[in-house]
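Dear colleague,

Please find below the structure that I am handing over to you. My notes on it follow directly after.

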Amino acid sequence: MLNILIVEDEYAIANLINTYLSGEGYRCFCAFDGKEAADRIEEENYDLILLDIMLPQIDGYELLEYIKPLGTPVIFITARGAVNDRIKGLKLGADDYLVKPFQIGELSARVEAVLRRYGKSEKQLVFGDVLINTESRQVTKNGCAIDLTVKEFDLLVELVRNKNVALYRNRLYEKVWNEEFIGETRTLDSHIQRLRRKLQWEDNIKTVFRIGYRLEG
């Protein structure tokens, strides 16, 4: 399990990120000011650091200078969205820069992309009693193996990585089938129905009217 340090002085945002990424299978830790973050970084190794810029005691720019020699990837998460701020953050060595407010699903995708770039891609996703190993492509529910087709597995991973987010049918289809969506929904709909049945997720995979589907939990 990969360790992520969330350095954010807004408790609501830190807790939201913590809850969501923990549900994705990451082990998350929070620091609410720059000094606490520096102390944690000194005591523990992290696979990724999510770093606000405007922090009490030690700001994010100064912390980044301290983190860089460690080789730990950093994603800035900040309300400072001006082009000059983005350029400064990236030039200082941040691996990505996300401006508040943001969609939690986008944060998850950026986390995954940065970790993959560093060869640390998460191999395990968790949703309730379902465990998904993205390397072996095995799925278990309450410890029992669930037999899925290739496309069912890919669709499941996409839903879990974007849980509680309404996903458009065209996006889901193009992401899983790697071809242009031309408006025909039967293939996608039938795979959704089979996932619901196999995982007993009739109450979890919701149909969103005129949009597509959302995994709730």
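In which helix does Leu16 lie? Leu16 belongs to helix 1 (residues 11-23), where helices are DSSP runs of H or I with at least four residues, strands are runs of E with at least two, and both are numbered from the N terminus. Please note that this is a predicted model, in which local features need pLDDT of at least 70 and side-chain atom pairs count only at pLDDT 80 or more, while totals for chains, interfaces and linings use all residues. Residues are numbered from 1 along each chain as its sequence is written, and side-chain values use heavy atoms, with hydrogens and water left out.

Leu16 is partly exposed, with a relative accessible area of 46%; buried means under 20%, exposed over 50%, and partly exposed in between (1.4 Å probe, protein chains only). Between Leu16 and Asp39 there are 23 Å, C-alpha to C-alpha, at a separation of 23 residues in sequence.

The axes of helix 2 (residues 34-43) and helix 3 come within 10 Å and cross at roughly 10°; axes are lines fitted to C-alpha atoms over the stretch in contact, and angles run from 0 to 180 degrees between N-to-C directions. Helix 2 and helix 3 are therefore roughly parallel (under 35 degrees; over 145 is roughly antiparallel, 65 to 115 roughly perpendicular, the rest oblique). Gly34, Ala37, Ala38, Ile41 and Glu42 of helix 2 make the contact with Leu63, Tyr66 and Ile67 of helix 3, contact being heavy atoms within 4.5 Å.

Helix 3 (residues 60-67) also packs with helix 4 (residues 83-92), at an angle of about 20° and with the axes 10 Å apart. These two helices are therefore roughly parallel as well. Here Tyr61, Leu64 and Glu65 in helix 3 meet Asp85, Lys88, Gly89 and Leu92 in helix 4.

Leaving aside neighbours within four places in sequence, Leu159 is in contact with Leu167, Leu172, Ile192, Leu195, Ile205 and Leu215.

Yours sincerely
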